[in-house]
Structure formats: C-alpha cells, structure tokens
Amino acid sequence: PFVGITGTNGKSTVTTLVGLMLQKAGKKTLVAGNIGNALTETPDLLHGQDWIVVELSSFQLEDIETCRPRVATILNITQDHLDRYADITEYGEAKARIYENQHKDDVLVLNFDDPLVRAMAPRAPSRIIPFSRFEKHESGATVENGDLVIGNRVICPVDDILIKGVHNLENAMAASAVALAAGADSASVAAVLREF
C-alpha cells in the first residue's frame, strides 16, 4: 500500500517524517518518489513492504492512471509552476489527482487552512482528516492548549517539536495525521517529532 504526499511546499519534509514515524512504529517502510528511491528504477524494493511512502509532484500526478494511495495528503497549493499551468486552478487540479482513484475506505489528509485545498474535501471519495492551526475538527489535527492534538489524542507539546516555524508545525500536523492513519502509534509519532 502507498502513502502519497503532495503540495507546493513541505513535500520532502512530510514524506521523510511519515517514513520515520512508520519505521519507528515497526512498519517495513520504503520512502520513494522525488526523494530517495525512484519507483521506476527499483521495483524489486517494493516487495515485502508494509508501506511505500511517496512524494508526488504535480508533474507526476498528471500522468497517473491507477495510482491509488491508501493514505494521501495535500499540504498546500500556492503560486508555482505557472509556466506549465494556465493558472493556479489548473495547477490545483493536477494536485487533486492524488485522490481520484481512492475508495471510501482510504484516507485523505487535507490542509483546512488553505482555501484551495479545503475546497477539495467535498469532491474526494475518501475519508477526510483535516489539519488546521485554527480550527478543531473531530478527527483532525490541530493545536490545543499548546499541544499537537489529533482527534482526542494529545501527541506532544508543540514546544517539543524540533523543526520550528509555522510551516513546519503544519508539516508536523500533516505527517502525524498521515502516520496515524497508516497505523503508527502515538508514541512513535511523538518520538520522531522530538528527534527530527
């Protein structure tokens, strides 16, 4: 099964974090795509993995046919690659392909603080897990009383997260939600946030 990660910014950080979180949780995990191993060059590495965590660019997503990440995330959509796309809407549609083959039992983690990403929620066939620095959602990731919280689970105090900055807090929220959806335990997720 694949975990797919896309967005304008933060893809490599989140892909790395998710890979480490799943490995810490005892899952056999391969990190591939734009970072690490190219999937097309090392198909023998795909066998025997619990999860393959893949960073996916809009360029790669343009050409998918059957790609179905069981867990996927769209981190953000900002002005980028407008030499290739007519406008930001077309660019966003390329990113949205990450969930087009998902089923209702798959998971899509979306940045609800990004209006373009949030607007994709009603179109997705999968179960949505939002992340937001400002709003609490029943199953989502947020900051509450100085803690990173997912659903009703406190993962760790925000001050314990080694990577600093608002963008990295969003990356930590997304990675944590993705890793938990893929079967990592809260302790493993917190340990990586405190070490990375």
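I take buried to mean under 20% relative accessible area, exposed over 50%, and partly exposed in between, with a 1.4 Å probe and protein chains only. I take helices (H or I, at least four residues) and strands (E, at least two) as DSSP runs, numbered from the N terminus.

**Basis of the entries**

I worked from a predicted model, in which local features need pLDDT of at least 70, side-chain atom pairs count only at pLDDT 80 or more, and totals for chains, interfaces and linings use all residues. Residues are numbered from 1 along each chain as its sequence is written, and side-chain values use heavy atoms, with hydrogens and water left out.

**Entry 1: helix α6**

I looked up which residues of α6 are buried, and found Ser-186, Ser-188, Val-189, Ala-190, Val-192 and Leu-193.

**Entry 2: α5 against α6**

I used axes that are lines fitted to C-alpha atoms, for helices over the stretch in contact, with angles from 0 to 180 degrees between N-to-C directions. The axes of α5 (residues 166-181) and α6 (residues 186-195) come within 10 Å and cross at roughly 150°. That angle makes α5 roughly antiparallel to α6; angles under 35 degrees count as roughly parallel, over 145 as roughly antiparallel, 65 to 115 as roughly perpendicular and the rest as oblique. I noted the crossing of α5 and α6 as right-handed. The term applies if the near helix is turned clockwise from the far one by less than a right angle, and left-handed applies if anticlockwise.

On the α5 side I recorded Ala-172, Ser-176, Ala-179 and Leu-180, and on the α6 side Ser-186, Val-189 and Leu-193.

**Entry 3: α1 against α6**

I found the axes of α1 and α6 to come within 8 Å and to cross at roughly 130°. The two helices are therefore oblique to each other, and their crossing is right-handed. The residues in contact are Leu-17, Leu-20, Met-21 and Lys-24 of α1, with Ser-188, Val-189, Ala-191, Val-192, Leu-193 and Glu-195 of α6. By class, the contact of α1 with α6 has 7 nonpolar, 1 polar and 2 charged residues.

**Entry 4: α1 against α5**

I found the axes of α1 and α5 to come within 9 Å and to cross at roughly 40°. This pair is therefore oblique as well, and the crossing of α1 and α5 is right-handed. From α1, I listed Thr-13, Val-14, Leu-17, Val-18, Met-21 and Leu-22, which meet Asn-168, Asn-171, Ala-172, Ala-175, Ser-176, Val-178 and Ala-179 in α5. The contact of α1 with α5 has 9 nonpolar, 4 polar and no charged residues.

**Entry 5: strand β5**

I checked β5 (residues 107-111) for burial: 5 of its 5 residues are buried, so the strand is largely enclosed by the rest of the structure. Val-107, Val-109 and Asn-111 point one way from β5, while Leu-108 and Leu-110 point the other way.

I next looked up the neighbours of β5, where two strands pair if DSSP finds at least two bridges between them. Strand β4 (residues 71-74) runs parallel to β5 and is joined to it by 4 bridges, with Val-71 opposite Val-107. Strand β6 (residues 127-131) also pairs with β5 in the parallel sense, over 5 bridges, with Pro-130 opposite Leu-110.

**Entry 6: Ala-141**

I located Ala-141 in strand β7 (residues 141-144). Ala-141 is buried, with a relative accessible area of 2%. Leaving out residues up to four places away in sequence, I found that Ala-141 touches Pro-130, Phe-131, Ser-132, Val-149, Ile-150 and Met-173.

**Entry 7: two loop asparagines**

I placed Asn-145 in the loop between β7 and β8. Asn-145 is exposed, with a relative accessible area of 76%. I noted its phi as near 55°, a positive value in a residue other than glycine. Most residues other than glycine have a negative phi.

I placed Asn-152 in the loop between β8 and β9. Asn-152 is exposed, with a relative accessible area of 74%.

Terms used. Contact means heavy atoms within 4.5 Å. Ala, Val, Leu, Ile, Met, Phe, Trp, Tyr, Cys and Pro count as nonpolar, Asp, Glu, Lys and Arg as charged, and the others, Gly among them, as polar.
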